[in-house]
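Biologist: Could you walk me through this model, one question at a time? I am new to reading structures.

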Amino acid sequence: MARLSKRPMSTMFQGAMSSQRDDEISQLKAELEQLRSQPTAASTQLPTQQIVPLRLPENLKQPRRYFAPDKMAKLKASIDKHQGVLEPILVRAAEDGLYEIISGERRWRCCCELGIETIPAMTVEMTDEMALEVALIAHLLSEEISQIEETDSIMGLLMLRLKKSFEEVKKLLGQIKNYHSGMIGSVDEEEMQVAEAILEEFDLKVSSFVSNRLPLLNLAPVVLEAVRGGRLSPTNATLINRQPEELHEHLVQESEGLTKEELMKLLSQVNKPLSTRPALGEGAMGDPETLGISQQQDSSSPNQNEEPVYERVYTQIKVLRRKKQLFKNRQVQSRISKIDKLLGEITSIAQELGIEV
Amino acid sequence: MIGRSDELPMPQKRIAIQSNSGGVGKTTLAVNLAYQLARKKQTVALFGCDPNGSLTLFCGLDDPVPDQTVDYILRPEFAGDYPLFSAWGDRISGIDACLGGLILSETAQRLTMTKRGEYLLADKLEDYPLPHDIIIFDCPGTIEQLHTVTLAASTHILITLKPEDKDIDAVAKLIDWIYRTRQELRLKPAPDILGIVPNGFKDRAMHRDNLGLSNIADIETLPDIMRTMGISMFPKINDSAHIANAAAAGLPLGLFRPGEPANRIYAEIADAVIGG
């Protein structure tokens with residue numbers, strides 16, 4: 001920027017920088033895929049003892065990794081059969097002479113357990129940030145990944161790209177979702193673009209990520225375990241998670257192999273006395289904290305409270321109805337349409353249960 | 001970033017020279033780069049992709065008939081008979097030119113109607129490979145259809161600009177466009193930006209400030225921003241009457257005035273192309 005310039009040079013390059021970031025992800029994906037397709041290229045045998053998992057500074061936290069025992073056993077058997085790893089792992093050289101794994105930790109762990117002395121590896125030079133990014137993307141590209149792990153890694157990627165904490169990213173995604181559903185509120189356009197581009201790379205939309213994926217990270221331990229073990233679909237997991245905790249274990253067992261509709265039917269039977277809950281739960285989707293509280297209140301409240309809740313809803317709407325001025329407010333409008341949607345859902349539950357409305 | 005195998009000794013490099021403003025030295029860079037590459041024993045095909053046809057003038061050639069231009073390569077009837085003219089063949093070997101001209105403004109329009117129009121040049125070069133080590137595309141002054149076509153056909157991009165605010169702003173938009181377009185076109189491998197060549201530098205405040213040569217704290221400079229974006233900057237080429245004179249004489253600067261310091265920079269860019 002010259003001394004008399006009015007437009008700062010960094011402003012000029014803002015668009016270019018954000019496109020560069022978007023593009024980088026798709027490039028990395030392409031490069032990792034290429035790496036997979038030509039495994040023998042440029043790899044060397046490294047001693048397994050000289051390899052460690054990726055070490056990153058505090059501010060760059062790697063998402064949790066799960067090494068499902070059954071999958072590890074399978075991989076181990078395959079490595080044992082081939083007397084070693086075929087597809088090279090991706091590492092970077094650290095200053096202390098060790099190699100840090102960017103991609104391929106499962107394979108390395110198996111080798112260690114099998115006592116295999118060397119593993120084929122590709123050594124690359126990468127900064128901490130880039131290493132984390134590649135680690136996340138490589139993880140996301142692996143076919144073995146569960147939806148929970150994928151959600152974890154995508155959140156990690158979003159945190160890295162947007163330089164935000166987990167909670168801040170969650171808040172932003174909520175804002176984007178609201179923005180698209182025409183609700184009031186503002187969102188940083190550039191951040192929105194970055195977040196949407198990242199999700200798009202993995203064929204995800206913000207709205208479904210917020211309502212279907214994020215809740216996965218807040219599942220109760222029993223439910224989470226069942227999803228990780230592949231015994232429970234993520235959709236059913238979120239449904240069960242809304243139920244009182246003491247029912248979780250039972251419901252997880254009962255729901256194995258059930259479709260969402262079948263499970264909803266089951267839940268409505270289990271919950272007969274509290275049949276308003278599933279509908280309320282839908283509305284609070286994406287905000288499990290609030291949900292937890294409302295559930296506690298619900299489950300502790302006596303059954304006869306059931307009627308007064310909908311009576312109260314009815315009375316309140318009747319009162320509000322007269323305040324014509326109020327309904328001109330956009331915030332109010334958006335909430336009214338939410339209520340409308342919820343009522344629609346109640347109607348469809350009624351239909352499922354065979355109750356004529 | 002991640003190592004690739006080098007199965008071939010050296011695959012053909014295709015360099016698109018682009019800018020987003022006119023008169024910033026694209027054709028000058030094209031001919032001088034070609035000359036320096038030829039001195040380093042590389043064979044080069046220069047493609048004039050600009051309707052202004054300036055490459056013809058800079059190569060000291062005569063305006064071709066429309067059938068003898070880049071337009072012909074992009075026609076359905078083209079079957080590998082590239083209309084190539086030897087450039088400075090009496091002085092140095094290894095440089096051929098495929099010329100542009102006014103007809104290219106019609107080509108650009110036709111391409112928008114053609115299936116796989118964006119990939120047409122890339123497709124032709126794949127179906128009828130040229131034997132040259134390096135192909136250089138001299139692009140038009142502003143972003144248009146021919147930019148997209150050369151982007152899809154190139155392995156690397158060189159960007160030229162004058163160190164003025166308006167040019168820098170235009171280049172920022174060009175870079176934005178490059179990243180978006182190469183992603184949209186799903187180019188594999190995607191062309192890399194080899195670097196930026198600041199051209200026509202004059203020793204005055206704006207140029208010095210923009211290139212970070214003023215020693216004033218707190219002003220943003222192009223080299224700083226390029227560093228954060230990971231894009232290389234080549235040394236600046238000073239404004240010189242000899243460069244314009246060489247072009248008018250239809251010669252590369254290296255033949256017109258071998259002692260000019262700018263030749264060393266063109267040679268450095270040539271090294272980057274060979275190594276890139």
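Modeller: Let us begin with A:G156, which sits in helix α6 of chain A, residues 147-162; helices (H or I, at least four residues) and strands (E, at least two) are DSSP runs numbered from the N terminus. Keep in mind that this is a predicted model, where local features need pLDDT of at least 70, side-chain atom pairs count only at pLDDT 80 or more, and totals for chains, interfaces and linings use all residues. Residues are numbered from 1 along each chain as its sequence is written, while chains are lettered from A and ligands numbered from 1 in the order in which they are written.

Biologist: Which residue of β5(A) is the bridge partner of A:L90?

Modeller: Strands pair if DSSP finds at least two bridges between them. Strand β3 of chain A (residues 89-93) runs parallel to β5(A), with 4 bridges joining them. The partner of A:L90 there is A:M122.

Biologist: How many residues of the side of chain A that touches chain B come from α2(A)?

Modeller: Contact means that C-beta atoms, placed from the backbone, lie within 7 Å. By that rule, 27 residues of chain A are in contact with 26 of chain B. On the chain A side, α1 (9-12), α2 (14-37) and β5 each supply at least two residues. The largest share comes from α2(A), with 12 residues.

Definitions and conventions
Contact = placed C-beta atoms within 7 Å.
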